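Please read the points below with the sequence and the model side by side, and look up each residue as it is named. The points begin with aromatic rings and then move on to the sheets.

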Amino acid sequence: APDDGEAAPDAPTAIAWNSSSGVLAVAVSRVVLLFSPTSHGRRCVWSRCLALPAAFSVLSLAWADQEEVLMVCGERIALLEIQHTVVPPSRPLFTFTSASGARRTATSSKGRHPSEAPEHRWAAKPLWSTHSTAPVHFSSISPDARFLCTAGRFDRLPKVWRIHSLHPLEYRFSYLPHPRSVSSLQWRSGRRAAPSRHGNILLTTCRDYSARLWHESGPSGCFSTCAVIKGARDHTFAWLSYHSFLKVAAPKGSDPTASSPMCAPDPRHYLTLADVKAQRAEAATE
């Protein structure tokens, strides 16, 4: 908490978690802060590793997990490649006296001592940026980073961008019609080359309390509805993904999701759609 007379820090405007590396991105007004996880025995601690100033107020963030690409959205849409390198620490080899009489130490980065910690260097490389006709409040990147999806706060037509090339910039886009404004966008996580045999699949939720699944159809990059899931006012829809990098944070034999409130639950702890259908059929016969 701030001291008396000290202004309170701005509240976060967007947050996104890279489920592969565990890096957390938090937007505070015109700055994006990155926090990287470090394991300390059975605990995970996130420490700030990079601060990225933005030329606009950031309203939405999204990761392409396998590609380490971060999308920053607001009045503009920007793609950044987050680069992380580990540099072994230098070790003193010997000390000598130069011709001027000054004592110097020769160092080497090879064969570091076990007690020495390596240096982690973080940087962001801009890949692409464009102006948005309306501020973007919802965004998501497909696992293979070939598709982006963006929408405004009261947008009924989320836009899907198909990126053909970044250098030079080549892209096409299409719209996904909804009966009411959308409330969330999320691509299903998957492998880098082929997320699934059906291609990329997008989950959208709408203010009609329903969720829709859109699947990639054909090489043209078009999307069509493959399912509509009816919900209620208090329902939330999201893909479940298990963050394996947090296993070390959980005591042996306990539920790994209990170690951190942000750890996504293990899908094995939840009923599948087939289980629900089986239970309903069982109840109908009783």
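1. In this predicted model, a search of the whole structure finds nine aromatic pairs. One of them joins Trp-128 and Tyr-171, whose ring centres are 5.7 Å apart and whose planes stand at 65°. Planes over 60 degrees apart count as edge-to-face, and so the pair of Trp-128 and Tyr-171 is edge-to-face. The pair links distant parts of the chain, since Trp-128 belongs to strand β10 and Tyr-171 to strand β14, 43 residues apart.

2. Are the two partners of this pair buried or partly exposed? Trp-128 has a relative accessible area of 6% and is therefore buried, given that buried means under 20%. Tyr-171, at 31% relative accessibility, counts as partly exposed. Both residues also belong to one aromatic cluster, which is formed by Trp-128, Trp-161, Tyr-171, Phe-173 and Tyr-175.

3. Tyr-175 lies in strand β14, which covers residues 169-175, and with a relative accessible area of 44% Tyr-175 is partly exposed.

4. Strand β10, which holds Trp-128, is part of an open sheet of four strands in the order β5-β6-β7-β10, with antiparallel pairing. The edges are taken by β5 (60-64) and β10 (119-131), and because each has a single partner strand, one side of each is left without a neighbour in the sheet. From one strand to the next, the twist averages 25°. As a reminder for reading such a sheet, strands pair through backbone hydrogen bonds, either parallel or antiparallel.

5. Within this sheet, strand β6 (residues 69-73) and strand β7 (residues 76-87) pair in the antiparallel sense over five bridges.

6. In total, four bridges join β1 to strand β2 (residues 24-28), and the two strands run antiparallel. They form a hairpin with six residues between them, and in the turn Gly-22 has a positive phi of about 85°.

7. On its other pairing, β2 is joined by five bridges to strand β3 (residues 31-40), again in the antiparallel sense, and Ala-27 has Val-32 in β3 as its bridge partner. The hairpin of β2 and β3 has two residues between the strands, and Ser-29 in the turn has a positive phi of about 60°.

8. How many of the residues of β2 are buried? The strand is mostly covered, with five of its five residues buried. Leu-24, Val-26 and Val-28 point one way from β2, whereas Ala-25 and Ala-27 point the other way, and all are buried.

Methods: Residues numbered from 1 in each chain as written. Predicted model: local features only at pLDDT ≥ 70, side-chain atom pairs only at ≥ 80, totals over all residues. Heavy atoms only, no water. Buried < 20%, exposed > 50% of the residue type's maximum accessible area, 1.4 Å probe, protein only. Pairing = 2+ DSSP bridges. Axes fitted to C-alpha atoms, helices over the stretch in contact; angles between N-to-C directions. Phe/Tyr/Trp six-rings, centres within 6.5 Å; stacked < 30°, edge-to-face > 60°.
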